[in-house]
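These are my notebook entries on a structure that I looked up.

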Amino acid sequence: MNIKNIINKKLKKNHQGKVRAAHETATISFIVAASKVLICVSILIYCLSLLVPLFWMLITSLKDQYDYATNLFGFPTIYKFSNYKNVLKFLPVKATIVGLGTVQYSIGLMTLNSLLRAVFCPLLIVMCQAMVSYVLSKYKFVGNNVIYMIGIVVMITPIIGSLPSAMQVAKAVGTYDNMFMNIITCSSNIFGLYFLILYGMFKGVPWEYAEAAFIDGASDYTVFFKIMLPMALPTCAVLFVLSFLGVWNDYATPLIWLPSYPNLAYALYILQINSSAGAVGATTPMIMAGFAIIMIPTVLLYFISQNLIVSKLNVGGLKG
Amino acid sequence: MKTVTKNTIKKYSFIVSMMIYPAILFFIFYVGVNVNSVLLAFQKVDIAGRISFNGLNNFKNFFSLLIAGDNLVSASIFRSLSMFAINLVICMPLYIIFSFYLYKKFIFYKIFRMIIMIPAIVSTFIICLLFKKFVDLALPQLMAQLGISDNFPKLLSDQRYTFQTTLFYMIWVSFSTSLLVYPNAMNAIGVQIIESAEIDGVNIFQELWHIVLPLIYPTISTFLITGVAAIFIQQGPLMAFYMYNAPPETYNFSYYMLVEVMTNTSSNYLKFPLLAAMGVIITLISAPVTYIVKFILDKNDPTV
């Protein structure tokens, strides 16, 4: 009888334990599922908050001013594609240049300025950083560690308030208001996020490829340009695209450093600032059309390189 | 012996040729600019542009401004700090949670990933101008149409809300870069680690806390260190929103410096030494803080 009781008790306890475990598992599963839904809904709301203004921009860009004022969020009653043409009339920028007086910059010239900087600056930036990170990651030489340490120090040491000095130096060496000088010196900041990414990338490439090439009589340059750089090309392409996106939309550099070389982003920025102040006749739908126009190249470029971008951007630690 | 020397010369000439151009630029535009900035902090420029030694007067003037309650300088410094604190407390956990969602490839992850990238693709510049138009023009009308408020303020023009709105904007657009880098760092974690943890019955919270976070610690640490380093460099969207005319209630230190340098261009060079002294002092405060943060983070690195 006693033994039967003990067995029954043990079975009951076992059963209770199993039920409790099942209960706990069910609770955890519920919490996990609820969290997933909560996070999913949060991201969904966030995504909608990003899409709504863009969608609003696109439908507004097709309205006339009256339609915009009376029907702010609805679809256009008449689709006014001419906004895309008309905004171009307001984009040309006027600037006063010492010695030349007031100069008007055509859209063609501003597009050229945009393209020159957006193509050549990223090329130089990525190339310079690739060269430095390759040498530092693959060659042992006196001072290698010191240079790498300097890079880390430069990266994490906040130098604040150097703008007045930078302005003086830029004027002294001739990079201020000089497109050519600005482009060839745009890679002056060699130690940054790109350096970290490329350094990590080259570090991971096996040196055996280079050794095999050296045995076959290849020079260091051949190894870099014909073996290592092509292997780093996907990462370099991503960095080029990201840099291109940044420079194409850069209105601040013409504003601060290149006042005689306005680009499209600068023209749109000035148009928007002036229209906010009520100074020019460009309507809000026209300005929205301008936003849409300037987005086209960057959106195209992103969609072409989307898979590369989302897979090749890895940032490691800052251990010195 | 001759071959060794020849090879060494070849190797060094290759290294020098690869590094010489970036090094020259670095010396002019980093070392030169910063050395000049320090020198400028001890100088005085008169109206004719003549430069003379000014001792510690610029530093004294900066402290006098602070002590005299120059609210613009001290408030700008305070706002720079609060921008970082909010980023750390609100954004960082959200970046990691959202990144984990994308990394685990939960429902709609592909479309979410694409949409979150919008600020990076379209450019923060366009998003910024669009946000301004939306908030100041469309939102008050939307609120009126929805019957929520007939007098909904223009958030970027009404000085009571401008700082909060710019902060909101910064958080709102900040996800794209982080949600690109963190999921990639998570993807670098070995599949077998996650699989064996799943066999051992870990749930996703345990996976995030005990496996993923420690393994992406170097990336988190990098973002934290560079974030601390950028506290007084981060300008936010003020220039895009307002050019040089932001309401004083929104100023942060970096924007304050920019406005001081770029406005009143005929005589602003007179202020350069004082501004350089401000920069030197703030650098002397924030650089050690950055190194302390780095030291603490390195010390606690679980991947070591």
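I first looked up burial in chain A: of its 320 residues, 38% count as buried. I took a residue as buried if 20 or more other C-beta atoms lie within 10 Å of its own, as exposed if 12 or fewer do, and as partly exposed in between, with C-beta atoms placed from the backbone.

I note that this is a predicted model, in which local features need pLDDT of at least 70 and side-chain atom pairs count only at pLDDT 80 or more, while totals for chains, interfaces and linings use all residues. Residues are numbered from 1 along each chain as its sequence is written, and chains are lettered from A and ligands numbered from 1 in the order in which they are written.

Next I checked the dimensions of chain A. The radius of gyration of chain A is 29 Å, whereas a compact globule of 320 residues would have one near 20 Å. The radius is taken over C-alpha atoms, and the globule rule is 2.2 Å times the number of residues to the power 0.38. The C-alpha trace of chain A spans about 115 × 70 × 40 Å along its principal axes.

I then listed the secondary structure of chain A and found 13 helices and two strands. Both are DSSP runs numbered from the N terminus: helices are H or I with at least four residues, strands E with at least two.

For confidence, I found that the predictor gives the complex an ipTM of 0.81 and a pTM of 0.80.

How many residues of chain B are in contact with chain A? I found 82, which touch 68 residues of chain A; a contact requires C-beta atoms, placed from the backbone, within 7 Å. Helix 1 (residues 2–41) of chain B supplies the largest share of the chain B side, 20 residues.

I also looked at helix 13 (residues 253–262) of chain B, where nine of the 10 residues are buried. Among them are B:Phe253, B:Tyr255, B:Tyr256 and B:Glu260. Their cover includes helix 6 (163–173) of chain A, together with helix 3 (71–103), helix 12 (238–242) and helix 14 (272–299) of chain B.

Last, I recorded the division of chain B into domain 1 (2–41) and domain 2 (70–299), with bounds from an automatic or database domain assignment. Their C-alpha centres lie 34 Å apart. Four residues of domain 1 of chain B are in contact with six of domain 2 of chain B.

Note on methods:
Two residues are in contact if their C-beta atoms, placed from the backbone, lie within 7 Å.
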